[in-house]
Amino acid sequence: MKTKYLLMSILAVICFGCSDNYIDDLFVEPDAKFEIKEGLNPDHFEAFESVVFKNTGAGQKFVVYTGDNGHIFGESGATGYATASNGIFTYSYQEPGEYNVVWISSSVKNDGTIVNKNVSKIVKVVSTNGGLDDFSISNFYTMPDYGNIPYVSSGVFVAKNKIVCPIMYASWRKFSLLSKTKKLTTNFRLSSALAKMYWINPEDNSENEIVSGSTATRIVGFTDADGKLQTQKFKVITASGIATNYDISTVVIPNFTAFSVTIDGKKYNATITRNLAHYDKFDVSLTLPAGSDLSKLQPEFVICDNTATITDGNNFKVAIGDVAQSSGISVIDMTSKKVIYDIDMQLLGAGDALLSAKSQMVVTIK
């Protein structure tokens, strides 16, 4: 029996010694090195694009501080992310900015001492739209010909930092009569919930934070003191401090508000209705006497009632195909009893072809 206990004691000592040696063998001197897998672009990543960090050094465990809000190395309360056991970590940044990524390699000695080494790299993140994903204007007009549903003017990016919100002439005419200040409700979506949107007041250049869809921040006016449509400036500021400026313009979708043809000294006026399938397409119906000569007509037309705050008569082009048309001057052949006019109108006074809206007038003779 004594021999049995002696053998067990010897085995226990041997095993304990093996455990110490095993821990010593596990310890790896930390060497903090990592690489970042190249994304879609060699010099930056897009917001929400997957960024892959991979260990290329040595250590038992690896932790990544991604450098964005809440994960800044050395900042109080900041947290890092442990990589997978293979030393790989994948992350997506919500906002554009330059982030200082800190990579920590660590190992534990057999006495419990933790040895850390760290290294850092800069990751550049951009957003194609600078952080503003979409923008629209609403709650200023209900459309009788669409069952009185509210009209929403959805913005279109005509350039990286330039947005056009096309509005129907009928909507602008009604709204301009109701409100001299013309404060409109803006709706927008930012790439990140951490970012903020501001309207720059043209009177004093003050920055006023706005909230999407909130009437409490309905402070945005899109006209000048004379009631003329005016481009407004906005700014998106990310949590990382990156600011992107935007020019946003409301541009009226042009349409004929009058169309007529004179035959043998008598004027015949057309009936103009909106094509309900499109905001920018109109049906112009004209009834002429039977037997009328349709080969050489000189139509007269008016665009947007010649409203002075929208047009000066020079900021639009009217054409049939590639041929420019002038009211009461151009001679056209309408023997086919159908002709299509295209109208392209720029924002008055802007002098920028990008700030424009187009429409189509389908004229039919009965």
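This is a predicted model: local features need pLDDT of at least 70, side-chain atom pairs count only at pLDDT 80 or more; totals for chains, interfaces and linings use all residues.
Q: Which residues have the most contacts inside the largest nonpolar core?
A: Phe135, Phe234, Phe256, Phe259 and Tyr341, in a core of 62 residues.

Q: And the second core, what does that include?
A: That one is separate and has 16 residues, among them Phe34, Val51, Phe89 and Tyr99.

Q: Back to phenylalanine 135. What does it touch, leaving out residues up to four places away in sequence?
A: Phenylalanine 135 touches Ser153, Ser154, Gly155, Ile163, Cys165, Thr186, Asn187, Phe188, Met197, Phe222, Phe234 and Ile248. Of these, Phe234 is also listed among the core residues with the most contacts.

Q: Strand 9, residues 132-138: how many of its residues are buried?
A: Five of the seven, so by the under 20% relative accessible area cut-off the strand is mostly covered.

Q: How does strand 9 run against strand 12, parallel or antiparallel?
A: Antiparallel, with two bridges joining strand 9 to strand 12, residues 153-154.

Q: Which residue stands opposite serine 136 there?
A: Serine 154, in strand 12. Ser154 is also one of the residues that phenylalanine 135 touches.

Q: Different topic. What is the strand order in the open sheet of five strands?
A: The order is 2-8-7-4-5, and the pairing is mixed.

Q: Why is one side of strand 2 and of strand 5 left without a neighbour in the sheet?
A: Strand 2 (45-46) and strand 5 (81-82) stand at the edges and each has a single partner strand, so one side of each has no neighbour in the sheet.

Q: In what sense does strand 2 pair with strand 8, parallel or antiparallel?
A: Parallel, over two bridges, with strand 8 spanning residues 114-126. Phenylalanine 45 stands opposite valine 125 of strand 8.

Q: What lines the largest cavity?
A: Its lining consists of Lys228, Leu229, Thr250, Val251, Val252, Thr309, Ile310, Asn315, Met345, Gln346, Leu347 and Leu348.

Q: How does that lining split by class?
A: Seven residues are nonpolar, four are polar and one is charged.

Q: Which strand gives the largest share of the lining?
A: Strand 20, with three residues. Strand 20 covers 243-253, and both it and strand 28 (338-346) supply at least two lining residues.

Methods. Residues are numbered from 1 along each chain as its sequence is written. Side-chain values use heavy atoms; hydrogens and water are left out. Buried means under 20% relative accessible area, exposed over 50%, partly exposed in between (1.4 Å probe, protein chains only). Helices (H or I, at least four residues) and strands (E, at least two) are DSSP runs, numbered from the N terminus. Two strands pair if DSSP finds at least two bridges between them. A nonpolar core is a set of buried Ala, Val, Leu, Ile, Met, Phe, Trp, Tyr and Cys residues joined through side-chain atoms within 4.5 Å. Contact means heavy atoms within 4.5 Å. On a 1 Å grid over the protein atoms alone, a cavity is a set of points where a 1.4 Å probe fits but cannot get out, and a pocket is an open set with protein on both sides within 12 Å along at least five of seven lines; lining residues have an atom within 4 Å of a point. Ala, Val, Leu, Ile, Met, Phe, Trp, Tyr, Cys and Pro count as nonpolar, Asp, Glu, Lys and Arg as charged, and the others, Gly among them, as polar.
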